[in-house]
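Dear colleague,

Please find below the structure that I am handing over to you. I would be grateful if you would look through it alongside the notes that come after it.

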Amino acid sequence: MSQEPATNRLTVSPETYAQLGVLIVEDTVFMANMLRGILTGLGVRNISSARSGEDALSALIRGKVDLAIMDDLEPPLDGLSVVRAIRNADEDNLASIPVIYLTTKRERSAIIEARDAGVTEILSKPFSAQQLIDRIEVVLTRPRAIIRTPVFTGPDRRRRDGKTPVRRRESDQRR
């Protein structure tokens, strides 16, 4: 998923960061602490952590989560399985949580699989703090609607800049 050019990037206010609830789902302590440090530096005050897919789902159900940063994780409940569970949840507030997916996989097939699972943004490891901040700002300033179809539930894959009019196919306009 693409990185926004610095000249077009919208910035998030310190007040927004201070009120943001973020769930870090990472099974390595080092990476979880690094992510927590970046978020704390942005002014995020409400940070919770999970080290497994099961813990992530519990934290999402019981906590105030506005954004999830999800690692690949190890089976039995890997990161993409957690994303699928989030997207297929009956509660709209849970199904619509933006998910930034962290992965070591760079193959096209892995990226497509993550997209099809319903991730909002993908970030390949290793990454810089600025790359993570860019992804966070994109999901906060340009949220995408959650689309539910028989074969896909996840963020609208069509990125819109808010300026260009949406052109629809004739068949879509009749609905």
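This is a predicted model: local features need pLDDT of at least 70, side-chain atom pairs count only at pLDDT 80 or more; totals for chains, interfaces and linings use all residues.

The protein contains eight helices and seven strands. It has 175 residues, of which 42% count as buried. Its accessible surface amounts to about 10,100 Å², and carbon and sulfur atoms contribute 51% of that area. Among the contacts with a separation of 6 or more, 64% are between residues 24 or more positions apart.

Helix H3 spans residues 53-62, and its buried residues are Gly-53, Ala-56, Ala-59 and Leu-60. These four residues lie on the same side of H3, because the arc they cover around the axis is only 120°. As for their surroundings, the buried residues of H3 pack against strand S1 (21-25), strand S2 (46-50), H4 and helix H5 (92-95). On the face turned away from that buried side, H3 carries the exposed residues Ile-61 and Arg-62.

A residue of helix H4 that deserves a separate note is Val-82. Its relative accessibility is 0%, and Val-82 therefore counts as buried, the cut-off being under 20%. Setting aside neighbours within four places in sequence, Val-82 is in contact with Gly-53, Ala-56, Leu-57, Met-70, Leu-73 and Leu-77. In the case of Met-70, which is 12 residues away from Val-82 along the chain, the C-alpha atoms of the pair are separated by 8.6 Å.

The last point concerns the packing of two helices. Such a pair is described by the angle between the axes and the distance between them. For helix H4 (residues 79-87) and helix H6 (residues 108-117), the axes come within 9 Å and cross at roughly 25°. H4 is therefore roughly parallel to H6, since angles under 35 degrees fall into that class. On the H4 side, the contact is made by Leu-80, Val-83, Arg-84 and Arg-87; on the H6 side, Glu-113, Ala-114 and Ala-117 take part. Sorted by class, this contact of H4 with H6 comprises four nonpolar and three charged residues, with no polar ones.

With kind regards

How values were computed
Residues are numbered from 1 along each chain as its sequence is written. Side-chain values use heavy atoms; hydrogens and water are left out. Axes are lines fitted to C-alpha atoms, for helices over the stretch in contact, and angles run from 0 to 180 degrees between N-to-C directions. Helices (H or I, at least four residues) and strands (E, at least two) are DSSP runs, numbered from the N terminus. Angles under 35 degrees count as roughly parallel, over 145 as roughly antiparallel, 65 to 115 as roughly perpendicular and the rest as oblique. Contact means heavy atoms within 4.5 Å. Ala, Val, Leu, Ile, Met, Phe, Trp, Tyr, Cys and Pro count as nonpolar, Asp, Glu, Lys and Arg as charged, and the others, Gly among them, as polar. Buried means under 20% relative accessible area, exposed over 50%, partly exposed in between (1.4 Å probe, protein chains only). The arc is that of the directions from the helix axis to the C-beta atoms. Accessible areas come from the Shrake-Rupley method with a 1.4 Å probe; for residues, only the protein chains shown count as cover.
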